[in-house]
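Dear colleague,

Please find below the structure that I am handing over to you, together with its sequence. My notes on it come after the display.

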Amino acid sequence: MSLRRLWAPAATALLVLAALLLGTVPSANAATTATPNFKAPFACGQKWTYSHHSAEVRRALDFVRADGGTTNGSPVLASAAGTATRHYQASGAGNYIKIDHGGGWQTYYFHLGAFSVASGAYVSQGQQIGTTGNTGNSFGAHIHYEQLYNGVGQNIRINGSALAYPGSYHQYYLTSDNGCGTSKYWVDTFANATGYAQPNTNDPQGVLNAGTNYVYCKVWGQEIRGANGTYNHWWLKTDLDTTYAGKNGRGAYVSAYYLSRWGNDEARDNNGRVIPNC
Ligand SMILES: [Zn+2]
């Protein structure tokens, strides 16, 4: 009895001491084990299906669209913030991006049709890093996606939930919420621009005044060409400054031709970020 009575407080004291000792080390530990909150590598609201095949390296999943959209050319998004680097491997990954998220975590995006960021660029979650393609050893456009911890492929988690590893497509689906929250991109426009209900020159809604304006996203549409030969097919979704009688100026489309900073068929914000597709 007396022994037990003595031992219990002693054990408690030891535990407290151990906790205090651990408490002096953990900042490094916590940093290296913090897992980024990875999101789907494709645009907000899109639904893709995924599968894993036995010849696959590490713990990859391959994604193709399952929402009626075309897989080839769809934007590939950073699933978490980090430093992106470009790579090429003819016999396997093709054009691919590796993002280093810090803390030992990396993600890979293989078979890209094109890159959207410079090698070494810091990218934010939801930023477009490339377009889906079929480069390297690939049979049909898809995103080959991986999450690695200290160089070892992990079972893929999206928004903290583990995905399944089915052997074929159309058994499991993933709808993206990546980039849904980052809704405004600031751009400078050089002249007053008419906004339209759709990305073309029908049904004008009002005017976006020249200056610094926000836009939400972009859509490919009718080409607008200036007298000096500059042109742009992209249309930017925005809210207009003035609205014509009986029209709705919210969520109208203005041609990216009016962007002050960027070239033909480019649609970037003032920080050089590619404006995401709507
Ligand atoms: Zn693959």
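The following paragraphs describe what was found in the chain.

This is a predicted model, in which local features need pLDDT of at least 70, side-chain atom pairs count only at pLDDT 80 or more, and totals for chains, interfaces and linings use all residues. Residues are numbered from 1 along each chain as its sequence is written.

Confidence and overall make-up

The average pLDDT (the predictor's confidence in each residue, from 0 to 100) of the chain is 86, and 87% of the residues score at least 70. Over residues 1–32 pLDDT stays under 50, and the model has 3 contacts beyond four places in sequence for them; a contact requires C-beta atoms, placed from the backbone, within 7 Å. Where pLDDT is low, the predicted coordinates should not be read in detail.

The chain contains 2 helices and 22 strands, taken as DSSP runs numbered from the N terminus (helices: H or I, at least four residues; strands: E, at least two). Of its 278 residues, 34% are buried. Among contacts between residues at least 6 apart in sequence, 62% join residues at least 24 apart.

Nonpolar cores

A nonpolar core is a set of buried Ala, Val, Leu, Ile, Met, Phe, Trp, Tyr and Cys residues joined through C-beta atoms within 7 Å. The largest has 32 residues, and F42, I97, Y109 and I129 have the most contacts inside it. Two or more residues of this core come from each of strand 1 (47–51), strand 2 (61–65), strand 3 (75–77), strand 5 (94–102), strand 6 (105–110) and strand 10 (143–149). Another core, of 19 residues, lies apart from it and includes Y185, L208, V215 and W234.

Beyond four places in sequence, Y109 touches P41, V76, Y96, I97, I129, G130, I143 and Y145. Q147 belongs to strand 10 and is buried, with 26 other C-beta atoms within 10 Å.

Strand pairing

Two strands pair if DSSP finds at least two bridges between them. An open antiparallel sheet is formed by 3 strands in the order 3-9-7. Strand 3 and strand 7 are at its edges with a single partner strand each, so one side of each is left without a neighbour in the sheet. Strand 7 pairs with strand 9 (residues 128–131) over 2 bridges, where F115 stands opposite G130.

Further along, strand 19 (residues 217–225) and strand 20 (residues 231–238) are antiparallel partners over 6 bridges, with K218 opposite L236. Their hairpin has 5 residues between the strands, and G229 there takes a positive phi near 95°. Strand 20 also pairs in the antiparallel sense with strand 22 (residues 252–255), over 4 bridges; W235 has S255 as its bridge partner.

Backbone points to inspect

Most residues other than glycine have a negative phi. H111, in the loop between strand 6 and strand 7 (114–115), has a positive phi of about 65°. H170, in the loop between strand 13 (161–162) and strand 14 (173–175), has a positive phi near 70°. H111 is buried, with 25 other C-beta atoms within 10 Å, whereas H170 is exposed, with 11 C-beta neighbours inside 10 Å.

Yours sincerely

Key. Buried ≥ 20, exposed ≤ 12 C-beta atoms within 10 Å, placed from the backbone. Contact = placed C-beta atoms within 7 Å.
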